[in-house]
Amino acid sequence: MTDNFSISSITPQQFDSLAVLHRQAFSNSMNARLGLGYAKKLIKWFAENPACIALAAVDSHGRPQGYALGMPTTLSKNLSRDLAPVAAVGIISHPQLLFDREFRAVLRSRLRLLCGLGGGQAKYPPPSLPEPTISLTGIGVSPSSQGQGLGSRLVEAFESRARTMGARSVRLSVRIDNAAAIRCYEKCGWSLCPTPAELPTVRYYSKLLFA
Ligand SMILES: CC(C)(COP(=O)(O)OP(=O)(O)OC[C@H]1O[C@@H](n2cnc3c(N)ncnc32)[C@H](O)[C@@H]1OP(=O)(O)O)[C@@H](O)C(=O)NCCC(=O)NCCS
């Protein structure tokens, strides 16, 4: 059913439509709620960084219907640092976000990471994964194309690209209530990792790429 879609690297012409798609797919996440400017910058950051993975799935009319973003686990501090100015603009223009407890927790964690005080999620799962490890940082499929196998195809394309880049393992975090995403990752052979007790709403998955 997904034969109508093709997957390749994100191009600059797709930044705008993918930012819109990102906000539709992640309507409740911190990144999406920071506004379109932040979403565009996020997509651009991955697409322009040669150490990262930035894939778009387009339909037979060339319209983006999904994307997958990934980066070496070592880069998460760079991402927070580089996007801090546009995140600040997002917060100033959406100040109501600061009333949200979960938003404040994520913000606090990123600020701690930036200040070298720990925080962030890159340290999970523990370093038992063979390195280099690439993190599947974001994946989204437009609501109208979900449930047709496109997410799984994106995960497989992500793994294949990570392997080409020399990664020996891949990892991700997902909210425990995101049943569709968890089903998608398990279908693709990703395994559940031990979850740190201090992060009860999150699950970690990983997959070894060699063999
Ligand atoms: C997660 C996501 C990328 C999956 O994309 P997709 O194209 O729907 O994925 P697939 O069709 O390959 O697989 C989805 C699976 O979940 C199942 N599923 C869908 N909704 C479900 C639900 N509420 N509960 C359980 N399973 C569900 C589907 O039936 C399918 O499994 P199946 O093939 O065995 O039938 C997509 O749902 C999405 O964009 N979600 C919003 C953004 C997001 O949460 N991203 C992940 C953050 S970690």
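**View 1. Whole chain.** Of the 211 residues in the protein chain, 36% are buried (buried means that 20 or more other C-beta atoms, placed from the backbone, lie within 10 Å of the residue's own; exposed means 12 or fewer, and partly exposed lies in between). The model is predicted: local features need pLDDT of at least 70 and side-chain atom pairs count only at pLDDT 80 or more, while totals for chains, interfaces and linings use all residues. Residue numbers start from 1 along each chain as its sequence is written. The C-alpha trace spans about 45 × 40 × 30 Å along its principal axes. For 211 residues a compact globule would have a radius of gyration near 17 Å, and the 16 Å of the protein chain agrees with this (radius taken over C-alpha atoms; globule rule 2.2 Å times the number of residues to the power 0.38). Among contacts with a separation of 6 or more, 71% come from residues 24 or more positions apart (contact: C-beta atoms, placed from the backbone, within 7 Å).

**View 2. Secondary structure and sheet order.** Seven helices and seven strands make up the pattern β-α-α-α-β-β-α-α-β-α-β-α-β-β along the sequence (DSSP runs numbered from the N terminus: helices H or I with at least four residues, strands E with at least two). The seven strands form an open sheet with mixed pairing, in the order β1-β2-β3-β4-β5-β7-β6 (two strands pair if DSSP finds at least two bridges between them). At the edges stand β1 (6-9) and β6 (191-192); each has a single partner strand, so one side of each is left without a neighbour in the sheet.

**View 3. Strand β3.** This strand covers residues 64-72, and nine of its nine residues are buried, so β3 is largely enclosed by the rest of the structure.

**View 4. Pairing of β2 with β3.** Strand β2 (residues 53-58) runs antiparallel to β3, and six bridges join the two. Opposite leucine 55 stands alanine 68 in β3. The hairpin of β2 and β3 has five residues between the strands, and in this hairpin glycine 62 takes a positive phi near 80°.

**View 5. Pairing of β3 with β4.** Strand β4 (residues 133-141) is joined to β3 by seven bridges, and the two run antiparallel. Glycine 70 has leucine 136 as its bridge partner in β4. For leucine 69 the bridge partner in β4 is glycine 138.

Key. Contact = placed C-beta atoms within 7 Å.
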